[in-house]
Amino acid sequence: MSESETAFEQRYSAALDLYLATPSEVLLHTAYALGREAAADGLGVVDIAMLHNEAMQRVITTPGAAPTAAMIGTASQFLSECLAPYEMMLRAYAENNVRLVASIDRLQDTRAALAAVNQELEAFSYSVAHDLRAPLRSVLGFSTALLEDHADQLNDEGRRFLRYMAESAREMARLIEDLLTLSRATRGDLQREHVDVSALAHKVIGRLMADQPERRVAVTIEPGLAARCDARLLTIVLDNLIGNAWKFTSRRTDASITVGGLEDAGQPAWFVRDNGAGFDMAYADKLFGVFQRLHSADEFGGTGIGLATVRRVIGRHRGRVWGEGVVGQGATFYFTLGEHNAKNGGR
Ligand SMILES: Nc1ncnc2c1ncn2[C@@H]1O[C@H](COP(=O)(O)OP(=O)(O)OP(=O)(O)O)[C@@H](O)[C@H]1O
Ligand SMILES: [Mg+2]
């Protein structure tokens with residue numbers, strides 16, 4: 001209780017005691033007047049009402065001090081005065097509530113409309129990307145056939161142009177495949193199951209090693225990493241994060257990649273760490289946007305869709321993904337997979 005509350009209580013009790021010694025309506029009014037004064041001073045209305053209630057109990061139970069009808073009338077008026085500010089507050093709350101519910105409704109409508117438009121766009125870009133594959137295959141097929149079967153009919157410059165053409169078509173095919181993967185990351189049901197993250201990471205690294213057996217990379221994968229998530233989608237995440245670690249360490253002779261688990265704010269998290277090119281933390285959020293790249297294509301190839309896909313997959317799991325890097329020293333990408341995962345630091 002605050003100092004002013006204690007002072008009020010003492011004054012109120014004193015007035016009441018006086019009334020109880022010589023019951024009179026005037027004295028009771030004095031006590032109530034004190035209560036009003038205290039309420040006007042901003043004292044807790046509930047405290048006053050409780051005090052008042054106690055006082056009434058004392059009045060009723062003290063022999064010879066039984067209240068008259070007029071006193072009871074005054075008492076209830078006092079109580080309603082005490083409660084009036086509450087009533088006003090409650091009315092204001094109720095009005096705000098109605099407004100809030102209305103704006104939530106509007107928001108939900110907007111969200112639903114946005115989701116519908118998004119879905120339409122998604123379906124559109126998926127079918128565009130999908131339909132581009134066939135004509136591109138024919139460009140690639142015919143340019144390859146031309147190079148293989150009719151190269152002697154062209155001069156050096158012609159052959160060079162044709163090789164550029166085939167290489168560009170291959171690049172476009174890669175881009176289309178990446179766009180389709182990005183699109184697929186949002187489609188289909190999310191099916192959570194127990195996933196052996198360590199085993200999956202070994203598989204991803206195995207594929208990279210088979211692709212580039214000449215590379216020497218020290219790989220450490222923490223054993224026993226597990227998660228409850230969509231296995232197909234987590235494969236996309238690890239393909240991209242470990243693929244990036246593999247790619248951005250390609251200029252190092254002492255390349256190393258670590259896959260591990262830890263706890264982030266009580267939630268299990270997983271990470272992929274490398275000692276490669278790293279990046280400037282000023283752009284740490286930008287990396288997750290589509291086509292956002294910090295390194296030139298000459299330095300490290302890529303289309304800039306990988307991390308955008310990772311973010312979508314993690315978003316669908318209601319998780320979080322973030323990266324930390326130091327230019328020239330390496331990068332670490334962390335992710336969580338939503339509340340379905342036990343607090344065990346990814347183990
Ligand atoms: N491990 C990493 N080390 C340093 N930079 C990274 C790392 N991972 C991502 N980046 C930076 O973030 C950018 C975006 O990554 P993202 O995976 O989306 O694209 P990408 O690897 O360039 O192309 P893609 O994955 O589509 O083939 C990269 O171009 C690079 O600049
Ligand atoms: Mg990538």
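Predicted model: local features only at pLDDT ≥ 70, side-chain atom pairs only at ≥ 80, totals over all residues.
Glu122 is buried, with a relative accessible area of 16%.

Where does Glu122 sit? Its place is in helix α4, which runs over residues 69-149. Buried here means under 20% relative accessible area, so 16% puts Glu122 in that class. What does its side chain meet? The side chains of Glu122 and Ser183 are joined by a polar contact of 2.8 Å. If we leave aside neighbours within four places in sequence, Glu122 is in contact with Ser183, Thr186, Arg187 and Arg312.

Next, Ala166. This residue belongs to helix α5, residues 156-184. Ala166 is also buried, at a relative accessible area of 3%. Which residues does Ala166 touch, not counting those up to four places away in sequence? They are Leu140 and Ser143. Take Leu140: along the chain it is 26 residues from Ala166, yet the two C-alpha atoms are separated by 5.6 Å.

In soluble globular proteins, nonpolar side chains tend to be buried together. The largest nonpolar core in this model has 40 residues, and the members that touch the most others are Leu234, Leu238, Ile242 and Phe335. Which elements each supply at least two residues of this core? The helices are α6 (197-211), α7 (231-248) and α8 (306-316). The strands are β3 (226-230), β4 (256-264), β5 (267-274) and β7 (330-336). Helix α7 gives the largest share, 9 residues.

Apart from neighbours within four places in sequence, Leu234 is in contact with Val195, Val197, Leu200, Cys229, Phe335 and Leu337.

On to the ligand. There are 20 residues around ligand 1, and those that come nearest are Lys247, Arg293, His295, Ile305 and Leu307. A nitrogen atom of ligand 1 is 2.8 Å from an N or O atom in the side chain of Asp274. An oxygen atom of the ligand is 2.7 Å from a polar backbone atom of Ile305. For Gly306, a polar backbone atom is 3.1 Å from an oxygen atom of ligand 1. How much of ligand 1 does the protein cover? On its own, the ligand has 590 Å² of accessible area, and the protein covers 95% of that.

Last, two backbone angles. Most residues other than glycine have a negative phi. Ala265 is not a glycine, but its phi is positive, about 50°. Its place is in the loop between β4 and β5. Is Ala265 buried or exposed? At 77% relative accessibility, Ala265 counts as exposed, because the cut-off for that class is over 50%.

Arg318 is not a glycine either, and it has a positive phi of about 60°. Arg318 lies in the loop between α8 and β6, the latter being residues 321-326. Its relative accessibility is 69%, so Arg318 counts as exposed too.

To recap: Glu122 and Ala166 are buried, while Ala265 and Arg318 are exposed. That is all I have.

How values were computed. Residues numbered from 1 in each chain as written. Chains lettered and ligands numbered in written order. Heavy atoms only, no water. Core = buried A, V, L, I, M, F, W, Y, C linked by side-chain atoms within 4.5 Å. Buried < 20%, exposed > 50% of the residue type's maximum accessible area, 1.4 Å probe, protein only. Helix = DSSP H or I, 4+ residues; strand = E, 2+ residues; numbered from the N terminus. Contact = heavy atoms within 4.5 Å. Near = heavy atom within 4 Å. Polar contact = N/O pair within 3.5 Å; in protein donor to acceptor, adjacent residues only side chain to side chain. Areas by Shrake-Rupley, 256 points an atom, 1.4 Å probe, with all protein chains shown as cover.
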